[in-house]
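Dear colleague,

I am handing over the structure below, and after it I set out what was found when it was examined. Please read the notes with the structure open beside them.

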Amino acid sequence: MSPEEEWETNIERYSRLIPAAKEHGVMICLENMFSGYKGKLYRACCNEAETAARYIDTLNDLAGEKCFGFCLDTGHALLVGNDIYQFMVTMGDRIEAFHVHDNDGVHDQHLAPYTGILDWNGFMEGLKAIRFDKTLSFETFNIWNTVDQEVAPEMMRFILSCGRMFARRAGLE
């Protein structure tokens, strides 16, 4: 499908959700996704910040109010080579949620911060720049598969410490 066809199809489908979002008072978040084919990763819908912002602005204009936001997945951004800071600044207050996790830049591993290669200083600077004041959601479930069960609770405490540090350094506390 061409980019124009993809745009029209997605706007039509997402706009069907507007009445339910309004009725139930929920925010629908789009996420930066990727797809894979024969071992290669490709950008998918909303993995370019400018396009994602355009989707959200268009859908909210159609709704007449803020019904759509963005969930920025840090690991997905890393996989397709997005600059995390620049992505965050471009999205700004459209970001309603995060899936915070790390990876090796090749596999969607859902690792704890600092156990992969994400630019965590850029992430903290991005939080500060957009004045993010909501809860950080860590999508780091894979620690239960990557470390011995005896130390997994300690890894959970490490993730909590990372979240507190991110908030503090971004001036969110």
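**The hairpin and some backbone angles**

Strand β2 (residues 34-37) runs antiparallel to strand β3 (residues 40-43), and the two pair over 4 bridges; strands pair if DSSP finds at least two bridges between them, while strands (E, at least two residues) and helices (H or I, at least four) are DSSP runs numbered from the N terminus. One of these bridges joins Gly 36 to Leu 41 in β3. Together β2 and β3 make a hairpin with 2 residues between them, and Lys 38 in the turn has a positive phi of about 50 degrees.

Before going further, please note that this is a predicted model, in which local features need pLDDT of at least 70 and side-chain atom pairs count only at pLDDT 80 or more, whereas totals for chains, interfaces and linings use all residues. Residues are numbered from 1 along each chain as its sequence is written, and side-chain values use heavy atoms, with hydrogens and water left out.

Cys 46, which is not a glycine, has a positive phi of about 75 degrees and is placed in the loop between β3 and α3; at 3% relative accessibility Cys 46 is buried, where buried means under 20% relative accessible area, exposed over 50%, and partly exposed in between (1.4 Å probe, protein chains only). Arg 131, also not a glycine, has a positive phi of about 55 degrees and lies in the loop between α6 and α7, but Arg 131 is exposed, at 69% relative accessibility.

**Aromatic pairs and the core**

The whole structure contains 11 aromatic pairs, counted when rings of Phe, Tyr and Trp (its six-membered ring) have centres within 6.5 Å, with planes under 30 degrees apart taken as stacked, over 60 as edge-to-face and the rest as tilted. Phe 98 is buried at 0% relative accessibility, and Phe 132 is buried at 3%.

The pair of Phe 123 and Phe 166 is likewise edge-to-face, since the ring centres are 5.3 Å apart and the planes are at 70 degrees. Phe 123 belongs to helix α6 and Phe 166 to helix α8 (residues 152-169), so the pair ties together parts 43 residues apart in sequence, and both residues are buried. Ring pairs join Phe 98, Tyr 114, Trp 120, Phe 123, Phe 132, Phe 138 and Phe 166 into a cluster.

Phe 98, Phe 123 and Phe 166 are also among the residues with the most contacts inside the largest nonpolar core, which has 39 residues; such a core is a set of buried Ala, Val, Leu, Ile, Met, Phe, Trp, Tyr and Cys residues joined through side-chain atoms within 4.5 Å. Helix α3 (residues 49-63) supplies the largest share of this core, 7 residues. Leaving out residues up to four places away in sequence, Phe 98 touches several residues, including Cys 71, Met 88, Phe 123, Leu 127 and Phe 132, where contact means heavy atoms within 4.5 Å.

**Cysteines**

How many disulfides are there? The count comes to 0 disulfides, a disulfide being a pair of cysteine sulfur atoms within 2.5 Å. For Cys 71, the closest cysteine sulfur is that of Cys 29, and because 6.1 Å separates the two sulfurs they are too far apart for a bond. Cys 162 is in no disulfide either, as its nearest cysteine sulfur, in Cys 71, is 18 Å away. Cys 71 is buried at 7% relative accessibility, and Cys 162 is buried at 4%.

**Two further loop residues**

Thr 140 is in the loop between α6 and α7 and is buried, with a relative accessible area of 6%. Not counting residues up to four places away in sequence, Thr 140 touches Val 100, His 101, His 110, Leu 111, Ala 112, Pro 113 and Ile 159. Val 26, by contrast, is partly exposed at 43% relative accessibility, and Val 26 is found in the loop between α2 (18-24) and β1 (28-31).

With best wishes
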